[in-house]
Structure formats: C-alpha cells, structure tokens
Amino acid sequence: MQSRAPFVAPGAGAVLQLELARPYRVIVAGDGARVEDSTGKRYLDAMSGGSMAATLGHGRRDLIDLVWEQSGRVGYLDNNRLTNPWQESLAAKLVAVAPPGFTRTRFVTGGSEANEAAIRAARMYHVARGEPQRWQIISPAQAYHGPTMQTLALTGRPGLHGAFGPYLSRHRHIPPSTDRFDPTGQAALDALDEALEQVGPENVSAFFCEPVSAASLPAYSPPARFWEGLAERRERHGFLICFDEVVTGIGRTGNWFAANDLPIVPDVIATAKGLGAGYTAIGAVLYRDSVYEAIAAAVRSFSLGHTWDGSPLPCAVGLAVLGILENEGWVDHVATRGPALRRELEEALSGNDLVGKVRGRGYLLGIGYVDPRDGRSFLPPELGVAGRIERAAARHGLLVLGTMPTRDGFAGDQHLFAPPFPTPDGDLAEMVDRMAAAVEEVGAEVRDELGSSLSPGGGPSAGLSVLIVQHEDPTPAGFVHEWLVDQGADVETYRIDLEDRRVDPTRYDLIVSLGSEFAAFDDSIPWIDREKDLLIEAHGADVPILGLCFGGQLLARVLGGDSYRGELSEVGWLPVRSVDEDLVPQGPWFQWHFDTFSVPPGGELIADSEAGPQAFVVGRSLGVQFHPEVNQEIMDGWVEAYRHELDDEGVDPDALLEETRRLASRSRAVAAQLLERFAEDIAGLALPGRGRDRP
C-alpha cells in the first residue's frame, strides 16, 4: 500500500467511484467477521463484505487454496461449446436444494446478469408457446434488481433511474404490502389486478420480485395472503413468477432458498452473492422443468451468454461453498440462531424512540427508523439519519449499510444488518451493542435538532404548521382554512399560480391542495407541473396531504391513478356512498364535477357516487372529489361567475344559494368531522387541546 490514509477523498484517485462526493474507507485485510483499514483500525463486519456476499466470512484458507489449485488445473473454458465437471456438479447440487420441480441451472457472473437471464427466460417461454405478445413485467415498486437497463427497469424507483429513463422498458409496478400501508396484502393484490387490467393479462410475461427484500426494504416479505393471491393469478392469467434471490439464496434467510419457506413455488429463481461467498464472481439461474421443456421443445439454443458463464474456476469455488455450508451445518445454524439474533437486536434498541421496527429472516435483519415526534412518520430526509448512523457505527468499529429511500414513498431511513454465517456469538453480541450505541448517539442529536417541536407526549408542542396551496381567484379557502385556524395551526398560503418560488414541503406538518376550475390533467397550465412536483416530494417525505377537488384529482394522479373527463357531471348538494362514515359522513356534500379520478395503486376507496370515486386514503394522505371547503362566500362567488354554466346543467342558481344557506350549519359540521378524523386518525397529527390521549 502506498498510503496509510484511512479514506480516499472524494474525487481523488483514478477510480470512478459510484458516489462522487463520498469519502471511501480503505480496507486492506479481513479475517472471519472482522476487517482492517489502512491505519490498522479493525471493524466488525455486519454486512458480510458490504453487499451481503461474504457469507462465510473473510480469509478462509480452504477456499483461498482451492482458487490456487483450480487455477493450476484449468481456470477458464468458454461455456458456449464446452462444459466441465465442476459446472455439471454444481448445477446438480443447486437443483437438489431448490424448491420442487426445478431441474436446470445456468451460470452467470453476478446478480444483475442472473436477473437479466431470468427476464430472457420468461420471454423465451412465452414465445416458444406461441404467445409473442407477452413481454410486460409487473414488479413491486420498492425494490432493486440491478443496474443493467432491464433490471433497472424492474424497479419503480424514479430516483434510481436518473438519466437512463429513455433506455428503460416501461414495466408496471405495484406498491409493496408493508405493515405501514397494507398489512394484509390485499391492497397489493388489488393493485396487481389493476395493473393486469391496464396492460391486459394476455400481455404479461412475469411477476418479478424478491421473496424477502434486501437493501430496498431490509428483511421485508409480504404476508401469506399476497403470495397465495399471486399464485391464484398466475394460474388464471398464465404469467410466470420470477424470484430475485440474489441476496436471499444460498442460506441467508435460514434455508437454501427463501422460496422454500413460502406458500408459493416460483418458475424461475436468480441467485448470486452467497454462491461464491465473496471468493469468486458467480451467479445462477434455476428453471422449473415446465419452463425448460417449453423452451427446449421450440428452439435449439437457449439464449445468449457471457464470457465467464459456467467456467471451471468460479464453479469449483461455488461447489466448495455449498459443500462447506452443508458439511459444517451453516444453513441450519442461521435458521436457529437468526431469530435469537433478531430478538437481541430488538432488545438492544427497544428503549430508543428513533427505532420503529426490527425485521428479520435468518441472518438478514432490517431496522426501520421513525420520527420520534409521533412514533410513525418517516424522519425528515434532510436530517440524513441513516447515513449519520452508518458513520457513527463506523466510529464505534462496526460496518453496516444505511439506506434512505424516502422519496419513493414506501420506506424511510433504515439499516441492513447481515453478518457472516460463522460469526461467533461474542462478535454478534458486540455487533448488537455497537449498533445500539450508534443509534443512541445519533438519536440524541436528532432529538436535540427536533427539540422545539417535541413534547413529552410525543406530539407537537406548538400548533401545526400547514401549507395551503391555492390557485386562481376567486376561490378562497373556506371551512378548511377556518377550521385549521380554530385548531391553532400556523397556516401559510401559497398562490402557486402567481408565486414562482421554491417551497420545501418537509417544513410543514400538513399540505392542503385546494380546488380549482382547471382540470388536474391539463399539463399545459404552467403551475400544474410545479404542484405535481410539490405533492410528489411531500408524499416521498411522508408529509400528509389533503387534496380537495382539483387537489384530490391531482393527488390521485401523482400517486399513480388517472384523472379524466367523466361521463357524468354532478352539481349541487348531494350525498355520497361512504364506507367509513366516521371519516366521510354521507353528507350532503357540495359537488361541481365534470372531471373525476381513479383510486391510485395502494389506495383505499372511502366513498363514491354514480359519477365515480369521491374519497380515497393512501398512507397518511386523503384525496376527495367533493368540496368540504365550501361556505357561503365561496358559493356566492361561484354562482356569480358561473351562472350560465349552472343554467346549462339545469341547476337553478338562486335555489342553489338558498340551499347553501339552509345547509350552512350542517355542512360546516360534516366538514369539521372529516377534518378532525383525517388529522388525527389518518395523518397522525396531534391537534392542540384534543386527541392526544386517544388510542
């Protein structure tokens, strides 16, 4: 080593690093579950080499010697025309430990290539069976399958797509059925049904997912109901199910494959990382016999390959890794020790109000963090909590991986905790202690930074900070603004059609988007895109949104629904069909619609009418089609401006004004009921003087 500096500074050196503004720690040695940097400082490696690949730890002499010995026999042979005994034996071993029905394996050099090959296999399967129109893939939005153009297209995370968007296939995505948004799995199934209907089930090639997520949602897996429903839909519609087990395969979750523990058998499995245990670059794709037979019956060659696919050296290492795992009992060890490790981590973090949940499958554990002010919201992304904990852990001599995909809307600050399988109990205990110390250190800083807004009860100590987004005159804020002021809220209005300024939605406890005469789908209006961006950023930071009329339509649209000109219009004081009358009373509500929307994926329909959906909930946000903000002042202005439009709709303007006066007290009461229920039970906001003691 030419330098003993512990870091390579940002922009220094000849390596083009992935993160150009980040200093890179220089690691020079490793032994078991410990690594050493260039200054001699030692760290416990709770990330198995940083990407969960070094499952057997660092510095195993038997694998190091094997690489040397195999290179002396034959290290490389092209797999296009030749094979070798190590490839044949490893393939046989993999199908023996795979779920029932898997009979073929193809080798690649890594996880992204494995997922890419799985995509190709699904496509070839359908073409071979005479259905060449099947190419569309559906996958959970909150995921990561690799950086190649096809694997990147499988994730629904625009922040990862960056400049590559034009190159990516337009696949469909559904929200994950997390405890936060969909604890039963039914909402994800409903979203899957909607995606199938939108693209046509006859055009769908595969559903592609991780059985247990890694970096995108550490150690998360959907509930059994989702897997059962997915299997039902495969049977009905004929698409394949592909599992990305790049991380979870080869023992990480306490089984050879995570698929073995689920109530579903996939058609294709991609795996990598643990297959080489960090000692070689190798991945594999496993195929059920039905997939192989369909392709083999139609073509004489399977697919394109890469230079190192199935070569002797990586296959010999993979075969040795499987032998070590089996002979030394490490897969069974992970299955039995993993639950205890999870409990130990939970107990160590249990007193910290920054920690929301600890998840775990085997030696794949995840920690999710929450805002201590309410115990459930995502932390403000500008605090960078995950990165700060990662850096604090390193100061304590622990390597972990923090992620913060808040802008995706499905996850906030979180950490992966994935040690090598042979880590001694003493080192595991030390890892847990160091992790708890790092979280406590950063937690104290965060509480201090948020201190002015914290109270002993966990809610805001001052009034709510609310941003009301207004559009064109003559529409003032009505009951909504009045009600918020009555609650002691600090209300700021933002005329987005007039003010061309940057607004940070994370500074507010609530965003309210009011009605407008303009259609939510008319992108020719300059401020439409700015409001869409504002709502997307707010939702990604878990700031609750109340969308009213136009705001409800736009909220539906930015979350994946549609806004469109409806077949029916509704004008007047009309009831709605409510499925939750505590939140949305039957009314009457004032409605003046020519436009409507569809409920976005992952949303829950709360009320509807003959004209379409009237109210939906997504996470901590509520979108409504009717006008709870309408008061007499607003109605007087509307009738004066649009008397001719009312005449065209067959509505008597004067009778409408009279009915508004008659219903004023009732309409204010139902609006207040909706607002209170939304604020306290949906958005999770503690209202001054009320609601803090409610369960």
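Predicted model: local features only at pLDDT ≥ 70, side-chain atom pairs only at ≥ 80, totals over all residues.
Local features were taken at pLDDT of at least 70 and side-chain atom pairs only at pLDDT 80 or more, whereas totals for chains, interfaces and linings use all residues. Residues are numbered from 1 along each chain, and side-chain values use heavy atoms, without hydrogens or water.

Helix α2 (residues 85–97) packs with helix α9 (residues 312–327) at an angle of about 40°, their axes being 8 Å apart; helices here are DSSP runs (H or I) of at least four residues, and strands are E runs of at least two. Axes are lines fitted to C-alpha atoms over the stretch in contact, with angles from 0 to 180 degrees between N-to-C directions. Where the two helices meet (heavy atoms within 4.5 Å), α2 contributes W86, Q87, S89, L90, K93 and L94, and α9 contributes P312, C315, A316, G318, L319, L322 and E326.

Helix α11 (residues 385–395) is largely enclosed by the rest of the structure, because eight of its eleven residues are buried (under 20% relative accessible area with a 1.4 Å probe, protein chains only; exposed is over 50% and partly exposed in between). Among the buried residues are R388 and E390. G397, with a positive phi near 85°, follows α11.

Turning to the rings, the structure has eight aromatic pairs (Phe, Tyr or Trp six-membered ring centres within 6.5 Å; planes under 30 degrees apart are stacked, over 60 edge-to-face, the rest tilted). One of them, F181 with F410, is edge-to-face, at 6.0 Å centre to centre and 85° between the planes. These partners are 229 residues apart, and both are buried.
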